[in-house]
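Let's take a walk through this chain together, going from the overall fold down to single side chains. Keep the viewer open as you read.

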Amino acid sequence: MEEKIGSLEEEALKRKERLQALKRKNEEGKENSSNMIENLPKPKFRSYKPQDESLKNNMVEDAKPGDVESVVQEQLDAAKSKVVIEELDISNLAPRKPDWDLKRDIAKKLEILERRTQKAIAEEVRARLKQGQQNLAAYVNNSDKG
């Protein structure tokens, strides 16, 4: 029976320590929450008129309407003046072909290949001239047939 009493006392002490720890934690939480309340953003009342005097400082002034008449008058004046289009690019008006984007993307690669092709043709012509075929026109005619 004494063992049960000893263990009950130990459990009571553990409970007491846990309760004290919870109280300390709760007190720290209250201090932190009071600091957090001070750091909260103040409300801004745009269309609501608060009754409390302390909240009236947070009211936002009503927006003033702009001068619409002058803006409309400027637009009407601009519409009256005739704008003459000197150049009209017809390519912008014509519908594009379905593969226009593919051609645009490949254009750079084709430029590189075209340069390489021209370079290869020039090297081939030089090589033939060195071999002794002086008649370049005959060479070009032979290569077109074959």
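Predicted model: local features only at pLDDT ≥ 70, side-chain atom pairs only at ≥ 80, totals over all residues.

Residues are numbered from 1 along each chain as its sequence is written, and side-chain values use heavy atoms, with hydrogens and water left out.

Now the overall picture. The protein chain has 5 helices and 0 strands, where helices (H or I, at least four residues) and strands (E, at least two) are DSSP runs numbered from the N terminus. Read from the N terminus, the order is simply α-α-α-α-α.

Next, look at the loop between α1 (2-39) and α2, where you'll find Asn-58. With a relative accessibility of 19%, Asn-58 counts as buried. Leaving aside residues up to four places away in sequence, Asn-58 touches Lys-42, Pro-43, Lys-44 and Phe-45, a contact being heavy atoms within 4.5 Å.

Move on to helix α2 (residues 68-80), which holds Val-68. Val-68 is exposed at 54% relative accessible area, and together with Val-72 and Leu-76 it forms a nonpolar surface patch of about 250 Å² accessible area. Patches here are made of residues with over 30% relative accessible area and no salt bridge, with like charges joined within 9 Å and nonpolar side chains (Val, Leu, Ile, Met, Phe, Trp, Tyr) within 5 Å.

Then there's α4, with 32 residues. From first C-alpha to last it reaches 45 Å, close to the 46 Å expected at 1.5 Å a residue; that expected span is 1.5 Å times one less than the number of residues. Still, α4 has a kink of about 45° centred on Ala-107, the bend at a residue being the angle between axes fitted to the seven residues ending there and the seven starting there. Just after α4, Gly-132 takes a positive phi of about 115°.

Finally, the charges. Side chains of opposite charge can pair when their charged atoms come close. A salt bridge here is a side-chain nitrogen of Lys or Arg within 4 Å of a carboxyl oxygen of Asp or Glu, and that rule gives 4 salt bridges. One of them joins Asp-99 and Lys-103 at 3.9 Å, N to O; Asp-99 is partly exposed at 29%, whereas Lys-103 counts as exposed at 52%. Another pairs Arg-104 with Asp-105, whose closest N and O atoms are 3.2 Å apart. Arg-104 is partly exposed at 48%, and Asp-105 is partly exposed at 48% too. Glu-124 also forms a salt bridge with Arg-128, with closest N and O atoms 3.2 Å apart. These two sit about one helical turn from each other, because Glu-124 and Arg-128 are 4 residues apart in helix α4 (residues 100-131). Glu-124 is partly exposed at 35%, as is Arg-128 at 27%.

Methods: Buried < 20%, exposed > 50% of the residue type's maximum accessible area, 1.4 Å probe, protein only. Areas by Shrake-Rupley, 256 points an atom, 1.4 Å probe, with all protein chains shown as cover.
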